[in-house]
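Notes below, in the order I looked things up.

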Amino acid sequence: TKTEEKEKEESKLPDGWHMHKDGNDFSIGLPKGWKVDKRPGQQVWFRGPDRTSFVFVEYVDKAGPDPKQDWYDGERASRGNFPGYERIRIEKVDYMEKAADWEFTWNTSSGKARVLNRGFVTKGGRGYAIYWHTLAKDWKKNMHFFEGFTRTFSSKK
């Protein structure tokens with residue numbers, strides 16, 4: 001039933017979080033005070049009250065066959081967009097059907113930022129990325145946000 005589905009979804013939510021159901025066929029849990037910030041192209045950006053940390057979900061209807069290789073290709077193409085870019089890792093992870101994490105630091109006007117970008121494929125073959133950005137000095141303190149986003153994410157496609 002719909003009620004059972006909703007209860008199951010909400011049981012994954014950390015305390016104080018709420019479920020955001022997006023018109024682009026995905027749902028993601030958001031911490032208190034977080035909401036949609038902007039929607040450029042096939043991305044949906046979410047920000048909290050501090051404005052320096054954010055997450056965005058990007059989607060493509062048909063995912064490529066290898067998320068890890070996609071990150072190597074993406075790194076080559078976008079390195080110039082991240083002043084002071086330094087790769088931490090690109091590696092396969094156990095998430096959804098296939099997934100890889102791309103983690104790096106770069107210099108922003110607010111200080112050194114650290115990013116964890118998880119690219120993955122759902123059962124329906126849709127490709128997603130959950131891009132988590134926070135200040136490097138707050139990485140450990142804020143890691144629970146990324147864990148909450150990935151634990152609560154679901155897609156209808």
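Is tryptophan 71 buried or exposed? I get 12% relative accessibility, so tryptophan 71 counts as buried. My cut-offs are under 20% relative accessible area for buried, over 50% for exposed and partly exposed in between, with a 1.4 Å probe and protein chains only.

Ground rules before I go on. This is a predicted model, where local features need pLDDT of at least 70, side-chain atom pairs count only at pLDDT 80 or more, and totals for chains, interfaces and linings use all residues. Residues are numbered from 1 along each chain as its sequence is written, and side-chain values use heavy atoms, with hydrogens and water left out.

**Entry 1: around tryptophan 71**

I found tryptophan 71 in helix 2. Helices (H or I, at least four residues) and strands (E, at least two) are DSSP runs, numbered from the N terminus. I listed what tryptophan 71 touches, leaving out residues up to four places away in sequence: Ile90, Ala100, Asp101, Trp102, Asn117, Arg118, Gly119 and Ala129. Contact here means heavy atoms within 4.5 Å. I also checked threonine 108, which is 37 residues from tryptophan 71 in sequence and 21 Å away in space, C-alpha to C-alpha.

Next I traced the open sheet of seven strands, and its order is 3-4-5-9-8-7-6 with antiparallel pairing. Two strands pair if DSSP finds at least two bridges between them. Strand 3 (35-38) and strand 6 (86-92) are the edge strands, each pairing on one side only. From one strand to the next, the twist averages 20°. Axes are lines fitted to C-alpha atoms, for helices over the stretch in contact, and angles run from 0 to 180 degrees between N-to-C directions.

In the sheet, strand 5 (residues 54-60) and strand 9 (residues 127-135) run antiparallel and are joined by seven bridges. Opposite tyrosine 59 I see tyrosine 128 in strand 9.

Then the helices. Helix 2 (residues 67-78) lies across strand 6, strand 7 (98-108), strand 8 (111-121) and strand 9, at about 25° to strand 7. Helix 3 (residues 139-152) packs on the sheet too, touching strand 5, strand 7, strand 8 and strand 9, and its direction makes about 160° with that of strand 9.

How many of the residues of strand 4 are buried? Five of the five in strand 4 (residues 43-47) are, so the strand is largely enclosed by the rest of the structure. Gln43, Trp45 and Arg47 point one way, Val44 and Phe46 the other, and all are buried.

Strand 3 and strand 4 pair over three bridges in the antiparallel sense, with lysine 35 having arginine 47 as its bridge partner. They form a hairpin with four residues between them, and glycine 41 in the turn has a positive phi of about 55°. On to strand 5: five bridges join it to strand 4, again antiparallel, and tryptophan 45 stands opposite phenylalanine 56. That hairpin has six residues between the strands, with arginine 51 in the turn at a positive phi of about 70°.

**Entry 2: the second largest pocket**

I put its volume at about 320 Å³. The pocket search runs on a 1 Å grid over the protein atoms alone: a pocket is an open set of points where a 1.4 Å probe fits, with protein on both sides within 12 Å along at least five of seven lines, and lining residues have an atom within 4 Å of a point. Grid points are joined across faces, edges and corners, and a volume is the space filled by probe spheres set on the points.

The lining of the second largest pocket has 19 residues, and Val60, Asp70, Trp71, Tyr128 and Ala129 lie nearest its centre. Strand 5, helix 2, strand 8 and strand 9 each supply at least two residues of that lining.

Last stop: proline 31, in the loop between strand 2 and strand 3. Proline 31 is buried, with a relative accessible area of 4%. Not counting residues up to four places away in sequence, proline 31 touches Gly16, Trp17, His18, Phe145 and Phe149.
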